[in-house]
Amino acid sequence: MSNLSSRRGLLALAGTGLAASLAGCSQLDSLGGSGDGTTDAVTLQIRPDEDEVSSLGSEIQAELENGSISQQEAQLEYQERRLELIEAAATDFEESAADSDITIENAETAYGIFLVTGSDEAILDTLRDGTAGAIYSGEQYDALVQQQQQREQQRALLEQQQQAAGNETNESPTGNETGG
């Protein structure tokens, strides 16, 4: 079983790396800027530290296997805590951008999405060093933010449904009971 988990993790990591590479490479034209030395804005999607994400997944998997949480609870907890890791990585990026050749034009720190300008080298360095998981054209910023907001709404709805289901199973079958 642990072999399967490791293989799945490796495949997921490889897929993420490939997607990030392709996304970054497909947007290199937008990084070039115009011939007068200015650069166009690009969208960076910051990703959390892979070790922290892996540790989080292992922790939640252990809780699921020992029966302390349900599958649905595990999914919600993973999503919520992964968002916290993304937000922490985004906050770190914001702080480090001040010391680099990157200017943040717009930011959704909670989702790790930034509209930035700067030198090609500085922007590509965020992809090389693992800070950014993907680089998109600047025009993608609003669409990516909207996509993340929709995911957040779906997560909140799922959480509400889970709470409602929990309340139904906790109700007494005999109705109201009074102490006598």
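Before the structure itself, a definition: buried means under 20% relative accessible area, exposed means over 50%, and partly exposed is in between, with a 1.4 Å probe and protein chains only as cover. By that scale Glu-80, at 35% relative accessibility, counts as partly exposed. I will come back to that residue.

What you see is a predicted model, in which local features need pLDDT of at least 70 and side-chain atom pairs count only at pLDDT 80 or more, while totals for chains, interfaces and linings use all residues. Residues are numbered from 1 along each chain as its sequence is written, and side-chain values use heavy atoms, with hydrogens and water left out.

Overall layout. The chain has six helices and four strands; these are DSSP runs, H or I of at least four residues for helices and E of at least two for strands, numbered from the N terminus. Read from the N terminus, the order is α-α-β-α-α-β-β-α-β-α. Of the 180 residues, 27% count as buried. The accessible surface is about 11,300 Å², and carbon and sulfur atoms hold 47% of it; areas are by the Shrake-Rupley method with a 1.4 Å probe, and for residues only the protein chains shown count as cover. Among contacts between residues at least 6 apart in sequence, 65% join residues at least 24 apart, where contact means heavy atoms within 4.5 Å.

Now the sheet. The four strands form an open, antiparallel sheet in the order E2-E3-E1-E4; two strands pair if DSSP finds at least two bridges between them. On average, neighbouring strands are turned by 30° against each other, direction ignored. Strand E1, residues 42–46, pairs with E4 in the antiparallel sense over five bridges, and Val-42 stands opposite Ser-137 in E4.

Two helices on the sheet. Helix H4, residues 71–97, lies across E1, E2 and strand E3 (113–118), and runs at about 150° to E2. Helix H5, residues 120–128, packs on the sheet and touches E1, E2, E3 and E4, with its direction at about 135° to that of E4. For these angles, axes are lines fitted to C-alpha atoms, for helices over the stretch in contact, and values run from 0 to 180 degrees between N-to-C directions. The buried residues of H5 are Ala-122, Ile-123, Leu-124 and Thr-126. After H5 comes Gly-130, with a positive phi near 90°.

What does the largest nonpolar core contain? It has 15 residues, and those with the most contacts inside it are Leu-44, Ile-46, Phe-93, Val-116 and Ile-123. Such a core is a set of buried Ala, Val, Leu, Ile, Met, Phe, Trp, Tyr and Cys residues joined through side-chain atoms within 4.5 Å. E1, H4, E3, H5 and E4 each supply at least two residues of this core, and H4 gives the largest share, four residues. Beyond its neighbours within four places in sequence, Val-116 is in contact with residues including Leu-44, Phe-93, Ile-104 and Ile-123.

Last, the charged pairs. The whole structure holds seven salt bridges, each a side-chain nitrogen of Lys or Arg within 4 Å of a carboxyl oxygen of Asp or Glu. One of them joins Glu-59 to Arg-81, with the closest N and O atoms 2.9 Å apart. Glu-59 is in helix H3 (residues 50–65) and Arg-81 in helix H4, so this pair ties together parts 22 residues apart in sequence. Glu-59 is partly exposed at 36% relative accessible area, and Arg-81 is partly exposed at 24%.

Back to Glu-80, which forms a salt bridge with Arg-155 at 3.6 Å between the closest N and O atoms. Arg-155 is in helix H6 (residues 141–170) and Glu-80 in H4, so the parts tied together are 75 residues apart in sequence. Arg-155 counts as buried, at 13% relative accessibility. Arg-155 also forms a salt bridge with Glu-152, with the closest N and O atoms 2.7 Å apart. Those two are three residues apart in H6, about one helical turn. Glu-152 counts as partly exposed, at 24% relative accessibility. Through shared partners, salt bridges join Glu-80, Glu-152, Arg-155 and Glu-159 into one network.
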